[in-house]
Each structure stands twice: as structure tokens, then as C-alpha cells.
Amino acid sequence: MLRNDQLAEWDRDNFFHPSTHLAQFARGEMQSRIITGAKGCHIEDREGNKHLDAFAGLYCVNVGYGRTEISEAIAAQAHELAYYHAYVGHGTEASITLAKMVLDRSPAHMSKVYFGLSGSDANETNIKLLWYYNNILGRPQKKKIISRWRGYHGSGLMTGSLTGLELFHKKFDLPLEQVIHTEAPYYFRRADQDQTEAQFVQHCVDKLEELIAQDGADTIAGFIGEPVLGTGGLVPPPAGYWDAIQKVLDKHDILLIADEVVTGFGRTGSMMGSDHYGMKPDLMTIAKGLTSAYAPLSGSIVSDRMWKVLEQGTDENGPIGHGWTYSAHPIGAAAGVANLKVLDDLNLIENNRETGAYLNAAMKDALGDHPHVGDIRGEGMMCAVEFVKERDGRHFFDAADKVGPQVTAALMSRGVIGRAMPQGDILGFAPPFCLTRAEADEVVSKTVEAVKAVL
Ligand code: PLP
């Protein structure tokens with residue numbers, strides 16, 4: 001086995017880490033952390049440190065680590081048939097079974113699922129399908145996509161543009177002209193503190209209507225949104241938001257893309273975030289929870305009405321020119337089938353609902369009155385603690401204050417992993433669904449200690 005210092009040196013010399021401050025890493029100002037194993041909600045590193053992973057990796061290991069039902073299914077698939085492609089009508093038992101399982105768990109008006117590898121590529125697929133759809137319908141000018149500030153939809157060229165977080169745009173020259181951003185449904189950060197939740201929803205609707213009027217509905221193809229804003233701060237929508245937005249979209253024939261990469265397969269406490277909030281998407285994006293990250297796999301789910309047009313398009317133009325070598329990869333598909341079975345067999349969504357509610361209530365009890373905690377919010381197995389300079393709803397920390405990263409580091413040193421959300425003042429939790437009440441208690445008590453150590 002390689003020595004730790006040798007591995008750390010190779011890491012610094014050769015490995016380009018995503019979403020990392022490259023210069024700090026190269027200078028050794030950031031630690032190289034090498035993870036060796038994991039079980040349930042805990043991960044272990046090479047130094048033998050164990051941590052309670054209250055962010056489930058990148059909110060993706062939904063069924064928890066070390067599920068042998070899934071690793072054995074992956075091994076069996078790899079032995080039998082590690083790869084065959086899905087082009088021109090090819091498939092495997094695993095990919096066909098998974099497609100059925102996905103549609104069985106999706107809203108009734110959804111028709112087919114296209115498998116990719118990541119949330120980013122599934123969103124790219126969805127945008128391409130929407131453009132294709134409008135071209136087939138003879139309205140080639142209807143192409144722009146509305147996204148929300150604070151939305152996260154990936155790091156590709158188009159998906160990076162859809163993402164409404166500056167960090168992901170800066171210095172990359174993304175093709176932003178195809179994308180228009182609208183107000184985030186972030187009631188806690190509303191400009192007008194006197195607004196009720198209902199008035200704030202109306203404000204979001206008015207902003208959307210303004211934007212549509214400005215650009216013209218005949219130039220706008222779609223609206224993409226996460227049922228719950230994830231990377232933008234774990235922000236559940238205010239009551240009635242999706243209903244109100246859906247009405248505007250329907251009025252202007254703008255199709256809804258529900259980005260369910262985080263919310264899909266149980267994270268909100270319902271199977272899909274779209275069910276949870278009564279959304280009526282024409283396209284859905286799924287990834288993380290599809291395989292609980294045991295293998296990379298994503299999906300773009302297409303509604304009946306879009307599917308009919310796509311079929312018509314291929315009659316007119318020949319086979320659809322869109323495919324990845326690894327679309328519906330058999331190993332990913334086998335992982336997906338086994339993962340969705342584990343989710344059902346162990347009633348993990350039910351546990352998620354109960355323990356997620358318990359975690360949120362306990363966090364509010366413990367920190368709700370802290371002078372630097374402005375908001376504690378969540379839905380299902382998600383919980384966010386937002387730090388403020390003052391609790392008057394107007395004085396926020398700057399990213400440069402690094403409060404989130406400092407609390408997260410203090411928490412990590414106490415054996416619990418949370419995530420400093422990119423804005424810098426929000427500590428996020430999205431644990432595996434198998435979290436126990438005792439583990440939830442530990443997350444809360446260590447968070448209290450970490451907050452006291454920093455603020
Ligand atoms: N959409 C949402 C809502 C996400 O949270 C993410 C990733 O966190 C993505 C898309 C992109 O997924 P990936 O990182 O697999 O490309």
C-alpha cells in the first residue's frame with residue numbers, strides 16, 4: 001500500500017479536482033483527504049477518522065453507503081455484460097427494467113426516459129429536446145430558457161449558463177444569451193420585509209410576467225427549476241409558488257423542466273418533487289437518487305405531448321441525432337434497479353419523512369434563537385441553517401466573512417460533515433435517508449458546538 005505522504009504528493013502533482021481553489025491546493029493550504037470506505041451514514045479516511053456524512057456525498061448517496069444489494073447487482077452485471085450500447089434499438093434487461101421503474105415512479109403524463117450519465121448532461125439533453133420540439137412544431141424562434149437566480153443546473157456550456165450562481169459563470173464566457181434569469185423564490189431574502197408569503201409569490205409571478213413581456217413569449221421555450229432550490233441555499237418554495245408559476249407558463253405555452261436531480265426519488269419525502277408541489281413538467285431531469293451514486297447514471301423524462309412531436313420529428317428528419325456512448329450503461333442501469341428496490345424494500349422514503357422532520361424540528365429547537373441564525377428551513381431530508389449578522393432580515397454576512405466554511409470546518413473537526421453552500425453563509429444538511437434519530441441528534445448537538453465555536 002502507498003504511504004499517505006506519497007499519495008498526497010501524487011494528488012497535488014497530477015489530479016485536477018473539481019470545484020477546488022487550485023492555487024491553494026497546489027500550495028498545500030488545503031488538505032488532501034483520501035476516503036477509503038463507508039457504511040450507512042459514515043465515511044472513513046486513510047487516517048482512520050470516521051465522519052457522520054450529513055450531506056450524503058453531494059446529496060446523492062440516498063440509500064446510504066455499503067449496500068451490498070447494489071454492489072452485488074453491479075458485480076453480477078459487470079460479469080455478465082459490462083457494456084453494450086443503446087443506439088438503434090439496443091437495450092439490456094437492466095436498462096429496460098429501469099426505464100419501466102422510472103416511469104412507474106413519475107407523474108402519469110410522462111412517457112419515456114432517456115438515460116445519460118450526469119445531471120449536467122441530462123439537462124443538456126432536455127434543452128436540446130425542447131429546441132427540437134419547437135423546430136418540429138415550426139416555431140424556430142421559440143428557444144430561450146428562463147432559469148432562476150440561485151438555481152443550479154450543472155456545469156456544462158448550456159447548463160452552466162442556466163445555473164444562476166455567479167461563481168459558475170465567472171470567466172467562462174458561457175453562451176448566456178440563450179438564458180434569462182428571473183427572481184428566486186427565496187422568501188427569507190425578500191427585498192420587502194413587509195410582504196406576506198402570498199404577496200411574495202405574487203411578486204415572483206409579476207417579475208416572471210415582466211420578463212416574458214420584455215422578451216416576448218414567442219421567443220421563450222421553457223422554464224427550468226428545481227422543486228426546492230438546492231445548491232442555491234436549500235430553499236423550499238413559498239406556499240403556492242409552483243401553482244402560480246405553472247399558470248403563467250401554461251398561459252404563454254412555455255414548457256416546464258423540473259430539475260429533479262436532487263429531489264428525485266424521495267429527497268422531499270415524496271417520490272418526486274413534482275408530486276410534492278403539484279408541478280406539471282413536460283421534462284424532468286433525474287440523476288443522483290436514481291442510483292444513489294453507486295454508478296453514474298442520469299435521465300431525461302419526456303411527457304406524452306412532447307414524445308408525440310419527437311416521433312413526428314424522426315419521421316420527417318430521420319433518427320434523432322443525439323446519443324452518448326454510455327447512454328443507459330448496463331452497470332449504471334443494474335445499480336439503478338437495485339437502488340430503487342432498496343428504497344422500496346426498506347421504506348426509506350418514509351424514514352426520510354419522519355427523521356427529516358425530526359432533524360429540522362431539533363435544529364430549530366437548538367439554534368432557532370441564536371443571535372446569528374436568521375433562518376432554519378427544510379423539506380424532507382434537507383435542512384439549512386442560514387447565518388446573519390443581525391436577525392432583522394437586512395444584515396447579511398458577505399461571502400468574504402466565510403462564516404459557512406468556518407462553521408463547516410468546526411463541525412468536521414467534531415466528526416460531522418455538513419456543506420457550506422457556495423453563498424458562504426448557509427450550512428446545509430442532506431443526509432442519507434437511513435439516518436437514525438440518534439444520528440440526527442448528533443448532527444444537531446455537534447452543529448450547536450460548531451456554531452458556538454465560531455459565532
Ligand atoms: N441539477 C441539480 C439540481 C443539481 O443539484 C446538480 C448537481 O448537483 C446538477 C443538476 C448537475 O448534476 P451533475 O453534477 O451530475 O452534472
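The centres of domain 1 and domain 2, taken over C-alpha atoms, are 26 Å apart. Domain 1 covers 38–63 + 347–454 and domain 2 covers 69–345, with bounds that come from an automatic or database domain assignment. Keep in mind that this is a predicted model, where local features need pLDDT of at least 70, side-chain atom pairs count only at pLDDT 80 or more, and totals for chains, interfaces and linings use all residues. Numbering starts from 1 along each chain as its sequence is written.

So how do the two domains meet? Domain 1 puts 29 residues into the contact and domain 2 puts in 24 residues; two residues are in contact if their C-beta atoms, placed from the backbone, lie within 7 Å. On the domain 1 side, at least two residues each come from α3 (56–59), α14 (348–367), β11 (373–378), β12 (383–390) and β16 (426–429). Those labels are DSSP runs numbered from the N terminus: helices are H or I with at least four residues, strands are E with at least two. The top contributor to this side is α14, with five residues. By class, the side of domain 1 that touches domain 2 has 14 nonpolar, 10 polar and five charged residues; here Ala, Val, Leu, Ile, Met, Phe, Trp, Tyr, Cys and Pro count as nonpolar, Asp, Glu, Lys and Arg as charged, and the others, Gly among them, as polar.

Now for the sheet. Seven strands form an open sheet with mixed pairing, in the order β4-β10-β9-β8-β7-β5-β6, and two strands pair if DSSP finds at least two bridges between them. β4 (110–116) and β6 (179–182) sit at the edges with a single partner strand each, so one side of each has no neighbour in the sheet. From one strand to the next, the twist averages 20 degrees. Strands β8 (residues 255–259) and β9 (residues 283–286) run parallel and are joined by three bridges, and Asp 259 stands opposite Thr 285 in β9.

Two helices to look at here are α6 and α12. Helix α6 (residues 119–136) lies across β4, β5 (144–148), β7 (220–225), β8, β9 and β10 (298–303), at about 25 degrees to β10. Helix α12 (residues 304–317) packs on the sheet and touches β4 and β10, its direction making about 90 degrees with that of β10. These angles run from 0 to 180 degrees between N-to-C directions, with axes as lines fitted to C-alpha atoms, for helices over the stretch in contact.

Finally, the ligand. It is surrounded by 15 residues, the closest being Ser 118, Gly 119, Ser 120, Gly 154 and Val 261; a residue is near a molecule or strand if its C-beta atom, placed from the backbone, lies within 6 Å of it. Helix α6 supplies the largest share of the shell around the ligand, three residues.
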